[in-house]
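Visitor: I'm new to this one. Could you show me how to read it, step by step?

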Amino acid sequence: MDTNRLTQQQETQENIVNNCQCCADNVVQFDPVHFSILYPQFAELDNSTIMQYFRMAEMILDNSPNSPVKDLNKRETLYFLLVCHIATLSSRGDGLVGMITSATEGKVSVSVAALANANWFNQTACGAMYWQATMPYRLGVRYIGYRKR
């Protein structure tokens, strides 16, 4: 890791208090250095790769003022989990996609479950945590009433 990036990480780590340091205009401004500090297993990834994973994550979780996750600290944490999940999947390469449901050894046989909803997220620890953390935003029907005047 180059010294410039290490210095950035140390400065960011000093500035991190338990609140969202990178949120403005009701959207999360993703900080790849902060992400690398919290998830050191991805410290070797360059910032442009991490930002590309964040853009992918934004396709899964709305990062607009209309997002169902209004608390920006929670939304930032959910983005960190999603980026971790995507980075973990990417590090595995372009091999088999899906969850292995059964395998045999003689005459090699592998069965894979289709990826849908929780199956895709449950492939990694970060994905499983994201799936559980977003449960309140997925359950039930939202009813927004209006007041008669």
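Predicted model: local features only at pLDDT ≥ 70, side-chain atom pairs only at ≥ 80, totals over all residues.

Visitor: What about cover? What share of the residues count as buried?

Guide: Buried means under 20% relative accessible area. By that cut-off, 34% of the protein's 149 residues are buried. The protein exposes about 9900 Å², with 52% of that supplied by carbon and sulfur atoms.

Visitor: Which residues in the largest nonpolar core touch the most other members?

Guide: That core has 26 residues, and the ones touching the most other members are Phe-30, Phe-35, Tyr-39, Leu-61, Tyr-79, Val-83 and Tyr-130. Helix 3 (47-58), helix 4 (72-91), helix 5 (118-121) and helix 6 (125-133) each give two or more residues to this core. Helix 4 provides the largest share, 10 residues.

Visitor: Let's zoom in. What does Phe-30 touch?

Guide: Leaving out residues up to four places away in sequence, Phe-30 touches Phe-35, Ile-50, Met-51, Phe-54, Tyr-79, Phe-80 and Val-83.

Visitor: And the strands? How do strand 3 and strand 4 run?

Guide: They run antiparallel, and five bridges join strand 3 to strand 4 (residues 109-113).

Visitor: How many of the six residues in strand 3 are buried?

Guide: Zero: strand 3 (residues 99-104) is hardly covered.

Definitions and conventions: Residues numbered from 1 in each chain as written. Heavy atoms only, no water. Buried < 20%, exposed > 50% of the residue type's maximum accessible area, 1.4 Å probe, protein only. Helix = DSSP H or I, 4+ residues; strand = E, 2+ residues; numbered from the N terminus. Pairing = 2+ DSSP bridges. Core = buried A, V, L, I, M, F, W, Y, C linked by side-chain atoms within 4.5 Å. Contact = heavy atoms within 4.5 Å. Areas by Shrake-Rupley, 256 points an atom, 1.4 Å probe, with all protein chains shown as cover.
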